[in-house]
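Reader: Could we go through this one together, starting with the pockets and then moving on to a few side chains?
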Amino acid sequence: MLEGFPCRDGELCAEGVPLAAIAASVGTPFYVYSAGAIGARYRRFAAAFAPEAPLICFAVKANSNLAVLRLFARLGAGADVVSEGELRRALAAGIAPDRIVFSGVGKTRGELDAALAAGIRQMNVESLPELHLLSKVAQARGRVAPVAIRVNPDVDALTHAKIATGKRGSKFGIDIEDAAAAYRLADELPGIAPVGLAVHIGSQTGGGLDPFRAAFERLAALVVELRQAGMSVARVDLGGGLGIRYHTETPPSVEGYAALVRDVFGALDVHIAFEPGRVLVGPAGLLIARVICVKDDMTKRVIVLDAAMNDLIRPALYDAWHDIVPVRLPAPGAVLRAADVVGPVCETADTFAAARDLPPLAAGDLVALTDAGAYGAVMSSTYNSRLLVPEVLAASGRFAIVRPRPSYEELLKADTVPEWIGDAIAEPASTPARGAA
Ligand code: LLP
C-alpha cells in the first residue's frame, strides 16, 4: 500500500480523496502530496533522534512548494537552502532564520549578503575563495558570519554518479586533508566565526550505513583534531542522503542511522544537524498522468502518457525507477504484459519505463508514478512549450491546488520580442561587385 494514498473501492485515493476526482478538477498531469505522509515521515525521523534533539533542516531542493515548506515549518523543521530563491521560500513559509543553513558550492556575493541580512543560522562554506568573499561581505554588513566548513571526506556514496558528492575530485567541499587549515583560516578571518563542520556524501546512498560510517568517522576525528589544536567546534551538520525504496533498494532505517550517529558522535558533545530531503518527501508524492494512447501495433506495446520528461526528469537523467500503477486497480487475475511507458516529448529520453510489466491500460486511464514527492516538480520545466505541471496537497479528505497550472497566455507572455526585431535580419546593404559593368 502506498503511504498516504490508500485504496478505496478499488481506486487509489489521496488521503481519502479519489485521485480521479482530483484529476477531473485539476486536469492531468499533476503532482499530489499527502500532508499526513510528510508529517509521519518527519516525526519518525525526529523520534529516532529524540535524545540528541538535532536541528532537522529539510533540504528545500527536494520539494520547494510553499505549502510543503509551511508543513515543515509547522513540524518544527529548519531548512537547508542552496540559493537566494530557496532562502526566500523558506523565510516566506515561516521557517525562522536561525533554523536555516545555506549549502552550495557557488554562492554569489549577493546570495551571501542576503543570507547575512536575514541572519541565518549557518553558512556551509565549500572553498577558500568563498571564505574570503564571505569575510568581506560580512565586514561590509558589520556582521559576523557563523560558518561550518564543508568537508569532502573522500567517501564513495555508492549511488548514481550524477548525485555522488563525497569523493575526492568532485566539486564539493574542501578536501579533508585541507579542512583543518581552512578551519584555522576561518578562525582568523574578520567577520567569520567558525562554528563547526558539515558533510554530505551524496543522495540515495547505497551500501547500507557503511558510507555514512566512513564519512562520519572522518568528520569526528577532525572535530577531535581541531579541538586539540585549541579551536572550538560546537556543531556538526551531517547532510542528507538517506535513501528510499523506489524498486529493489534496501535503504537503512532512520533508527539504524540514528544508532550509527549516536555511536560515532555520542561522546563528542557536539550539536547535530541534518539536511534530509528525499527521505522526508519522496514517498509522499505521486505524479498522476492520463494515458493518451496505446500503440499496440509496434514490435512492442508502447503506452503514451500526457506526462513527460519535462514533468519528471529522473528516469531520463538518472535512469531512475518509479513504479507505475493504475489509479483504478486492475481486476483480480489481470494479465501483466511488458510495455514501454513514454511521454509525448520529441526525444527517446522521454521514457518513464522500458519493458515494464503492466496490467491492461487504455486511452483515458489514469496512472500514478510513485515516489515522486522528491526531485519531481522542482526539476520540471516547460520543454516543448508544455505548461508547468501543477501541484496538489491532500490532507484528511481535502485537497488544494498549491501551484496551479499556468495558462498558455502566461507561457507566451514570459517572452518579449524587441521592437527592432525586423532589422535584425535585414539583408546587408549590397555593395556592387567590383568590376561590375
Ligand atoms: N544537503 C546537500 C548539501 C545536498 O546537496 C543534498 C542533495 C541534500 C542535503 C539532500 O539530499 P537527500 O536527503 O535528498 O538525498 N535530483 C537528484 C538528487 C540530487 C540531490 C542533490 N543534493 C535526484 O532526483 O535523485
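Reader: Which residues lie nearest the centre of the largest pocket?
Author: Lys-61, Thr-165, His-200, Ser-203 and Tyr-375 do, out of 33 lining residues. A pocket here is an open set of points on a 1 Å grid over the protein atoms alone, where a 1.4 Å probe fits, with protein on both sides within 12 Å along at least five of seven lines, and lining residues have an atom within 4 Å of a point. This is a predicted model, in which local features need pLDDT of at least 70 and side-chain atom pairs pLDDT 80 or more, while totals for chains, interfaces and linings use all residues. Residues are numbered from 1 along each chain, and side-chain values use heavy atoms, leaving out hydrogens and water.

Reader: And which helices supply at least two residues of that lining?
Author: Helix H10 (278-281) and helix H11 (314-318) each do so, helices being DSSP runs of H or I with at least four residues, and strands runs of E with at least two.

Reader: Switching topic, is Glu-391 buried or exposed?
Author: Glu-391, which belongs to strand S20 (residues 391-395), is buried because its relative accessible area is 4%, where buried means under 20%, exposed over 50% and partly exposed in between, with a 1.4 Å probe and protein chains only.

Reader: What about cysteines, so how many disulfides are there?
Author: The count is zero, a disulfide being a pair of cysteine sulfur atoms within 2.5 Å.

Reader: Is Cys-346 buried or exposed?
Author: Cys-346 is exposed, at 68% relative accessible area, whereas Cys-57 is buried at 0%.
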